[in-house]
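Subject: Structure handover

Hi,

Here is the structure I promised to pass on. My notes on it follow below.

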Amino acid sequence: AAAASEPGGPVPQGCVGAGTGAAVGALKGGVGTASTVLDSGVTVAALVVANASGSVTDPETGVLYGELFQGRVEYPDPVVHRAARARLAECAERNGPPSLNTTLAVVATDADLSKAQAQKLAGTAHDGIARAVRPVHLLNDGDTVFALATGARALEAGRPLALNAVLAAGADMVTRAIVRAVRAAEPVDGPGGAWPAYEELYGGR
């Protein structure tokens, strides 16, 4: 499907591809994407399959951790949140013990990176998962981030720390992509268990 799509076309998100069977805690997970263009003109983008043992929501408020980090906070009505927590607890009991999970991410940039710089980008991008999922990197998880660089744009000459902007953006895009994956997910109720979607529970605030 990716090969058949037009370059620059929209990327399907939510319960598509590897996101079909993804879950985050007791919620339905999925595929999400995000991108940004830095002041230097370098593009940094991420595609994430949100599939984690930990939760993406604050248990006290229902707000997505990733949105708290982004400063985009709109708190759910307490009545709605209580109903959501009850539904999640019911589904978690039905589904049984947590399964093995792996959040997969690809961070891509058009910057000209060496292998060592690309490896550093993959490493720091894990911080983006930690901002959106708690607890994170558990024994149930096999979280993996890959980094790709097309080499189309050279980093600014004479600035040894020019890579820092790419590293910071990589983690930020992973956080945003996880938020989008969760918001784009649709509920599933079948032989594999009952997995409510965030938008279903909280009404697409």
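Start with the charged pairs. Glu 199 and Arg 183 meet through their side chains in a salt bridge, at 2.3 Å from N to O. Glu 199 sits in helix H5 (residues 198–202) and Arg 183 in helix H4, so this pair ties together parts that are 16 residues apart in sequence. Salt bridges with shared partners join Glu 67, Arg 183 and Glu 199 into one network. Glu 199 itself is partly exposed, with a relative accessible area of 24%. Please keep in mind that this is a predicted model.

Glu 67 is buried, with a relative accessible area of 10%.

A further salt bridge links Arg 131 with Asp 172, and its closest N and O atoms are 2.7 Å apart. Arg 131 belongs to helix H3 (residues 115–132) and Asp 172 to helix H4, so parts that are 41 residues apart in sequence are tied together. Both ends are partly exposed: Arg 131 has a relative accessible area of 24%, and Asp 172 has 29%. Across the whole structure, the search finds 7 salt bridges.

Now the sheet. It is open, has 4 strands in the order S3-S4-S5-S6, and its pairing is mixed. Strand S3 (30–37) and strand S6 (144–153) are the edge strands, each pairing on one side only. On average, neighbouring strands of this sheet are turned by 10° against each other, direction ignored.

The two senses of pairing show up as follows. Strand S4 (residues 43–50) pairs with strand S5 (residues 104–111) in the antiparallel sense, over 6 bridges. Within that pairing, Val 48 has Ala 105 in S5 as its bridge partner. Leu 47 stands opposite Val 106 in S5. S5 and S6, in contrast, pair in the parallel sense over 7 bridges. There, Leu 104 has Thr 144 in S6 as its bridge partner. From S5 the chain crosses through H3 to S6, and this β-α-β crossover is right-handed.

Which strands does H4 lie across? H4 lies across S3, S4 and S5, and runs at about 145° to S3.

The largest nonpolar core has 39 residues. Val 44, Val 56, Val 107, Val 174 and Ile 178 have the most contacts inside it. The elements that give two or more residues to this core are S4, helix H2 (78–95), S5, H3, H4 and H5. H4 gives the most, with 11 residues.

Val 174 is worth a look in the viewer. Not counting residues up to four places away in sequence, Val 174 touches Ala 46, Val 48, Val 107, Ala 125, Gly 128 and Ile 129. Val 48 is the residue that bridges to Ala 105 in S5.

Next, the loops. Thr 57 lies in the loop between S4 and H1. At 10% relative accessibility, Thr 57 counts as buried. Leaving aside neighbours within four places in sequence, Thr 57 is in contact with Leu 27, Gly 62, Val 63, Leu 64, Tyr 65 and Tyr 198.

The loop between H3 and S6 holds Pro 135. A cis peptide bond joins Arg 134 and Pro 135, with omega at about -15°. His 137 lies in the loop between H3 and S6 too. Phi of His 137 is near 55°, a positive value in a residue other than glycine. His 137 is partly exposed, with a relative accessible area of 40%.

Where to begin? I would open the network of Glu 67, Arg 183 and Glu 199. Then turn to the core, where H4 gives the most residues. Then go to the cis bond between Arg 134 and Pro 135.

Best wishes

Key
Residues numbered from 1 in each chain as written. Predicted model: local features only at pLDDT ≥ 70, side-chain atom pairs only at ≥ 80, totals over all residues. Heavy atoms only, no water. Salt bridge = Lys/Arg side-chain N within 4 Å of Asp/Glu carboxyl O. Buried < 20%, exposed > 50% of the residue type's maximum accessible area, 1.4 Å probe, protein only. Pairing = 2+ DSSP bridges. Axes fitted to C-alpha atoms, helices over the stretch in contact; angles between N-to-C directions. Contact = heavy atoms within 4.5 Å. Right-handed = clockwise from strand over helix to strand, strands pointing away. Core = buried A, V, L, I, M, F, W, Y, C linked by side-chain atoms within 4.5 Å.
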